[in-house]
Amino acid sequence: MFAKSAILLFLAGASVAQQFAKKCEITSPSCSLQGSTDTCCVAKDGWIVYAETWIPNKGPSNKFTIHGLWPDRCNGTWSDDGCDLSRNYTNTGDIVLARDPRLHRVMDRIWPSGSGSNSDFWDHEWNKHGTCLTTIDPPCLADYKKYDDLLMYFKITTAVNTKYDFYKSLADSGIVPGANYTRSSMEAALFKNAGLRTLVRCDKTGTFTEIWAYFDILGQDTFVPRVPDYNPTDCQNVYYPPKTVKKC
Ligand SMILES: *[C@@H]1O[C@H](CO)[C@@H](O)[C@H](O)[C@H]1NC(C)=O
Ligand SMILES: *[C@@H]1O[C@H](CO)[C@@H](O)[C@H](O)[C@H]1NC(C)=O
Ligand SMILES: *[C@@H]1O[C@H](CO)[C@@H](O)[C@H](O)[C@H]1NC(C)=O
């Protein structure tokens, strides 16, 4: 008896896991349920863009790295200042390192900044985008302590990265670095091999930079691919450069 409760106490104390305060029974995209007052279960900004980037001198040579997970309003607009300045956090790298060193290691590997410090980049993604995901607002989390919302945003975003392997989905259709491809063939490969609805992005020289995957959100953190809400005409032919880093 004593041993059992001691173990339970130990587990409770050792746990750093952030949890939702309640279970949501939502089976429709949040944008079809606009006006709901239950913003813990129905995301207010429910058009989700998940962006991964191809930075030749960063990250594993056979992996895209995360740019961010961006909750847009259901009319396709967003706020450049994020959605809650009272939770505008800085030094998020130190916060994650202190609270969840394993998550920090993962983020260092698959969520590097293109230039500048990773922590500054993560601050920006959280402040501009993470604060717009209403399903992780403090009242939506169990036993909320400061920064649980931040850790939740990073965990949810890295989980999407784990679920989808953009590099492999392209490679499965023979699309690998070192050649030119049409944008439509790349987007078709991501749909065929992973069910993703995407936009391939490039820079002014036509070099491949990013993949934006579009999702509806169901309930707290279930993402379902959705056709993009805008249709750019650029990047028709893109050069997919090899990475200069050698590590896998
Ligand atoms: C989009 O929705 C926001 C928030 O509801 C509103 O303030 C904004 O005017 C809308 N923009 C457009 C272009 O519909
Ligand atoms: C919010 O944080 C960013 C850093 O990510 C900083 O540049 C900005 O000035 C902050 N805004 C406010 C209103 O504190
Ligand atoms: C890709 O296309 C560009 C522009 O048409 C061309 O200059 C370049 O040589 C091509 N690269 C490869 C690897 O085919």
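**Figure 1. Cys40 in the loop between helix H1 (2–14) and strand E1 (47–53).** The model shown here and in the following views is a predicted one. Cys40 is buried, because 20 other C-beta atoms lie within 10 Å, and a residue counts as buried at 20 or more. Leaving aside neighbours within four places in sequence, Cys40 is in contact with Thr135, Asp137, Pro139 and Cys140. Cys40 and Gly219 are 179 residues apart in sequence, yet their C-alpha atoms are 8.0 Å apart in space.

**Figure 2. The largest nonpolar core, with 49 residues.** Which residues touch the most other members of this core? They are Ile48, Tyr50 and Tyr153. Strand E5 (residues 208–218) gives the most to the core, with seven residues. Around Ile48, when neighbours within four places in sequence are left aside, the contacts are Leu69, Trp70, Pro71, Phe215, Ile217 and Phe223. In soluble globular proteins, nonpolar side chains tend to be buried together.

**Figure 3. The crossing of helix H2 (residues 92–99) and helix H5 (residues 148–163).** The axes of the two helices come within 11 Å and cross at roughly 90°. H2 is therefore roughly perpendicular to H5, a term that covers angles of 65 to 115 degrees. On the side of H2, the contact is made by Thr92, Ile95, Val96 and Arg99. On the side of H5, Leu150, Leu151 and Phe154 take part. By class, the residues of this contact are five nonpolar, one polar and one charged.

**Figure 4. Met107 in helix H3 (residues 101–110).** Is Met107 buried or exposed? Met107 counts as buried, because 26 C-beta neighbours lie inside 10 Å. Beyond its neighbours within four places in sequence, Met107 is in contact with Val96, Trp122, Phe154 and Thr158. Val96 and Phe154 also belong to the contact between H2 and H5. Met107 and Asp137 are 30 residues apart in sequence and 22 Å apart in space, from C-alpha to C-alpha.

**Figure 5. The buried residues of helix H4.** In H4, the buried residues are Ser119, Phe121, Trp122, Asp123, Glu125, Trp126 and Asn127. What covers these residues? The cover includes strand E2 (65–72), H2, H3 and H5. Trp122 is one of the contacts of Met107.

**Figure 6. Positive phi values at Asp143 and Cys235.** Most residues other than glycine have a negative phi. Phi of Asp143, however, is near 45°. Asp143 lies in the loop between helix H4 (118–128) and H5. With 9 other C-beta atoms within 10 Å, Asp143 is exposed, because the limit for that class is 12 or fewer. Phi of Cys235 is near 60°, again a positive value in a residue other than glycine. Cys235 is found in the loop between strand E6 (222–225) and strand E7 (237–240). Where 19 other C-beta atoms lie within 10 Å, as for Cys235, the residue is partly exposed.

Methods: Residues are numbered from 1 along each chain as its sequence is written. Chains are lettered from A and ligands numbered from 1 in the order in which they are written. This is a predicted model: local features need pLDDT of at least 70, side-chain atom pairs count only at pLDDT 80 or more; totals for chains, interfaces and linings use all residues. Axes are lines fitted to C-alpha atoms, for helices over the stretch in contact, and angles run from 0 to 180 degrees between N-to-C directions. Helices (H or I, at least four residues) and strands (E, at least two) are DSSP runs, numbered from the N terminus. Angles under 35 degrees count as roughly parallel, over 145 as roughly antiparallel, 65 to 115 as roughly perpendicular and the rest as oblique. Two residues are in contact if their C-beta atoms, placed from the backbone, lie within 7 Å. Ala, Val, Leu, Ile, Met, Phe, Trp, Tyr, Cys and Pro count as nonpolar, Asp, Glu, Lys and Arg as charged, and the others, Gly among them, as polar. A nonpolar core is a set of buried Ala, Val, Leu, Ile, Met, Phe, Trp, Tyr and Cys residues joined through C-beta atoms within 7 Å.
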